Amino acid sequence: MTTPGSAQDALAGVLFLVFALAALFGAGVAVGARRLVRAVAGLALSFLGVAGLYYFLSSPFVAFMQVLIYIGAVCVTIVFAVMLADTSEAASESPKGKLLTLTGAVCSAGVAAALLFAASTAQWHQQPAQPAPGTLERVGVSLLTTYSMSFELISVVLLVAMLGSLVLARRGRDRQ
């Protein structure tokens, strides 16, 4: 006989796995896609999976920011750049060099090994299950004091995304 708590834990575990698999599958699609639109769709799926993981880490605000900024701003900006640029010729150009692919695989394996080593040797602290109660005023004060560096980095990410989109759009217009 199962208790309601174990059923909720099982459902939470299934949802966690779904979000983790969505993040991994989306990242694989984003890296492996030849068409830029498919890569952006994979990136958006990966961001959505990461947002779900943030939610499971008791950070609904960070999950909301993940959806709002990365899916809502970055991916939409890239899609607009793709629509402005003609990427059909770029997708059919020569395949990636094997040396570049091998270098990317070696670097990815190194980063994955470093993360696994750090995760296995770190001392994990048990966090309280409930997030601290907060008001909108408290969130605003935290964004401008405690998390001001994160707030500024988000601005830089959005600026880089807009510049990259402009470069993509300009390159598409130069071909015509």
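**Getting to know S46 and its surroundings**

Student: How far is the backbone oxygen of A23 from a polar atom of the side chain of S46?

Tutor: This is a predicted model, where local features need pLDDT of at least 70, side-chain atom pairs count only at pLDDT 80 or more, and totals for chains, interfaces and linings use all residues. Residues are numbered from 1 along each chain as its sequence is written, and side-chain values use heavy atoms, with hydrogens and water left out. A polar contact is a pair of N or O atoms within 3.5 Å; within protein, one must be able to donate a hydrogen and the other to accept it, and residues adjacent in sequence count only if both atoms are side-chain atoms. For A23's backbone oxygen and that S46 side-chain atom, the distance is 3.1 Å.

Student: Is S46 buried or exposed?

Tutor: Buried means under 20% relative accessible area, exposed over 50%, and partly exposed in between (1.4 Å probe, protein chains only). S46 has 11% relative accessibility, so S46 counts as buried.

Student: Which residues is S46 in contact with, leaving aside its neighbours within four places in sequence?

Tutor: Contact means heavy atoms within 4.5 Å. S46 itself lies in helix α2, residues 36–56. With those neighbours set aside, its contacts are A22, A23, G26 and A27.

Student: Where does F19 lie, and what is it in contact with, leaving aside its neighbours within four places in sequence?

Tutor: Look in helix α1 (residues 4–32) for F19. F19 has a relative accessible area of 27%, so it is partly exposed. F19 and A51 are 32 residues apart in sequence, yet their C-alphas are 8.2 Å apart in space. Beyond its neighbours within four places, F19 touches L48, G49, G52, L53 and F56.

Student: What is the relative accessibility of V67?

Tutor: You'll find V67 in helix α3, which covers residues 60–84. V67 counts as partly exposed because its relative accessibility is 33%.

Student: What share of the contacts with a separation of 6 or more comes from residues 24 or more positions apart?

Tutor: For some background, buried residues make up 15% of the 176 residues in the protein chain. Among contacts with a separation of 6 or more, the share from residues 24 or more positions apart is 66%.

Terms used
Helix = DSSP H or I, 4+ residues; strand = E, 2+ residues; numbered from the N terminus.
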